[in-house]
Amino acid sequence: MELKNQKSRYKRLCNWFTNKQKENKPSNSLHEIEEDESYEYGGNVSLQSMEFDSCISTNKLRIFVGTWNVAGRSPVGSLDVDLDEWLNLKSSADIYVLGFQEIVPLKTSTVIGAENPSVATNWNNLIGKTLSNDENYYKKIEGSNKKKYKMVASKKMVGVFISVWLKEQVLEKYCVSNVRVCSVACGVMGYLGNKGCVGVSMLIEGTSFCFVVAHLASGEKKGDEGRRNYQVQEIFRRTSFPRTTKIHQHHPLTILGHDRIFWFGDLNYRLYLKDHLARHLIRKQDWKALQEFDQLQKELQEGGVFEGWKEGNIEFAPTYKYSSSTSNIYCGSGLPSRSGEKQRTPAWCDRILWYGKGVEQLHYIRSESKFSDHRPVSALFSTQIEIKSSNRGLVELDNIPPTMLHSNHGVSKGEEDENPTSLSLLMKNVQG
């Protein structure tokens with residue numbers, strides 16, 4: 001026990017000592033410590049490297065990210081099978097982040113009227129039941145040993161909706177904190193919610209995450225991609241997650257201030273290609289050739305609004321626009337269509353991007369639900385999180401003077417003189 005206490009005090013002293021070195025000798029001494037690999041004390045571990053290794057470790061989490069434009073349709077019981085296929089529960093994740101677009105019809109009454117929370121509630125109920133794979137999900141006893149997920153965040157803005165679920169084991173094992181939501185409307189007149197985004201920010205141990213679900217401007221005419229790019233810029237500029245308390249004052253407020261960022265949704269980017277040529281490449285399933293004409297790929301490659309962002313390799317057919325009358329073919333395929341049905345060149349409108357280090361994409365696929373004129377898309381990621389095991393203790397000691405860390409705390413003077421420890425020797429050096 002005594003040895004354990006000495007080690008604890010030694011780690012705290014190392015942190016104090018390093019901070020004091022930075023404060024007192026900002027010009028030369030800090031560089032000397034960083035560059036001199038032999039700067040050690042009481043063993044083969046330098047003060048600086050010991051401070052890092054003893055406090056920070058990394059673990060991995062699996063994150064499922066999905067996007068689906070449901071064309072204004074409400075969830076129905078028969079959707080269970082489609083949702084189960086989309087969520088791919090056989091390869092379960094630690095975190096499920098689901099983004100929807102058009103969960104309500106985009107008409108005047110829904111765009112400028114009051115928000116109706118019942119639609120989001122119905123979707124959350126269906127998601128919860130599917131994740132639990134149990135019809136009696138909400139009747140389960142709290143103490144059940146069954147693997148379950150808990151919703152930690154949900155946000156709706158007109159038709160754009162996000163729902164975030166974590167495994168209960170993850171919530172028990174890691175510190176999940178500072179969960180915040182935000183929305184940005186940039187549709188009609190630049191400020192109505194028919195287009196825009198909803199976002200969730202959270203901290204898992206020492207790593208910050210941001211999830212942004214967006215529905216951008218539609219249209220395949222020349223110049224429409226410029227409107228989408230402008231809305232992306234507006235979302236970056238106007239997104240601000242609220243600061244909850246003074247304790248969280250250093251947590252990120254903007255999208256790009258986070259460590260791991262995922263941006264997904266009906267981004268509506270189209271193809272720089274005539275309709276008949278696009279359909280020819282689709283029939284050949286030549287996805288690589290088709291991607292050369294993709295507007296979003298151009299933005300990623302040429303450093304446009306998504307400079308530095310990444311997207312996995314697309315190895316599936318365009319996800320929009322399917323005919324609502326036949327449901328398994330694209331609109332405008334030479335077959336008779338319903339009156340008023342829009343004719344569109346097929347495109348990969350539904351996308352998932354990410355930004356930040358420590359992220360590996362495991363798969364990027366589409367599902368085959370015929371529930372709407374879009375096909376749902378999903379990606380599974382493995383990502384690192386930092387575990388700061390001694391963070392609290394170190395923060396508390398940042399400004400404590402050496403007299404409060406005296407070496408004889410918990411050790412008698414006689415014992416210290418007879419058996420000098422690394423702690424006592426270092427303290428004498430500091431006091432000297």
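This is a walk through the fold, from the overall numbers down to single residues. What you have is a predicted model, in which local features need pLDDT of at least 70 and side-chain atom pairs count only at pLDDT 80 or more, while totals for chains, interfaces and linings use all residues. Residues are numbered from 1 along each chain as its sequence is written, and side-chain values use heavy atoms, with hydrogens and water left out.

Let's start with the whole chain. The protein chain has 14 helices and 11 strands; these are DSSP runs (H or I of at least four residues for helices, E of at least two for strands), numbered from the N terminus. Of the 432 residues, 49% are buried, where buried means under 20% relative accessible area, exposed over 50%, and partly exposed in between (1.4 Å probe, protein chains only). The accessible surface comes to about 21700 Å², and carbon and sulfur atoms hold 49% of that; areas come from the Shrake-Rupley method with a 1.4 Å probe, and for residues only the protein chains shown count as cover. Among contacts with a separation of 6 or more, 71% are between residues 24 or more positions apart, a contact being heavy atoms within 4.5 Å.

Next comes the sheet. Six strands form an open sheet in the order β3-β4-β2-β1-β11-β10, with mixed pairing. Its edges are β3 (149-157) and β10, each of which pairs on one side only. Neighbouring strands are turned by 20 degrees against each other on average, direction ignored. Strands of a sheet pair through backbone hydrogen bonds, either parallel or antiparallel. Here, two strands pair if DSSP finds at least two bridges between them.

Now go through some of the pairs. β3 and β4 (residues 160-167) pair in the antiparallel sense over eight bridges, with S154 bridging to S163 in β4. Over at β11, 12 bridges join this strand to β1 in an antiparallel run, and T67 stands opposite V377 of β11. β10 is also antiparallel to β11, with seven bridges, and H363 has L380 in β11 as its bridge partner. β11 is mostly covered, with nine of its 12 residues buried.

α4 (residues 80-87) has L83, W86 and L87 buried. Those residues are on the same side of α4 because they cover an arc of only 90 degrees around the axis, the arc being that of the directions from the helix axis to the C-beta atoms. An α-helix has 3.6 residues a turn, so residues three or four places apart point the same way. The buried residues of α4 pack against β1 (56-69), β2 (95-101), α6 (117-132) and β11 (377-388).

How do the two helices lie on the sheet? β3 and β4, as said, pair in the antiparallel sense. α4 packs on the sheet, touching β1, β2 and β11, and its direction makes about 140 degrees with that of β1. α6 packs on the sheet too, touching β2, β3 and β4, and its direction makes about 30 degrees with that of β4. Axes are lines fitted to C-alpha atoms, for helices over the stretch in contact, and angles run from 0 to 180 degrees between N-to-C directions.

S369 is in the loop between β10 (359-366) and β11, and is buried at 2% relative accessible area. Its C-alpha is separated by 5.5 Å from that of D82, although the two are 287 residues apart along the chain. The side chains of S369 and D82 are joined by a polar contact of 2.8 Å; that term covers a pair of N or O atoms within 3.5 Å, where within protein one must be able to donate a hydrogen and the other to accept it, and residues adjacent in sequence count only if both atoms are side-chain atoms. Leaving aside residues up to four places away in sequence, S369 touches W68, D82, E85, H374, R375 and P376.

Finally, a few backbone details to check. N88 follows α4 and is in the loop between α4 and β2. N88 has a positive phi of about 50 degrees although it is not a glycine, and counts as partly exposed at 23% relative accessibility. E205, in the loop between β6 (196-204) and β7 (207-215), has a positive phi of about 55 degrees and is not a glycine either. The peptide bond from Y320 to K321 is cis, with omega near 5 degrees; K321 is in the loop between α11 (295-301) and β9 (350-355).
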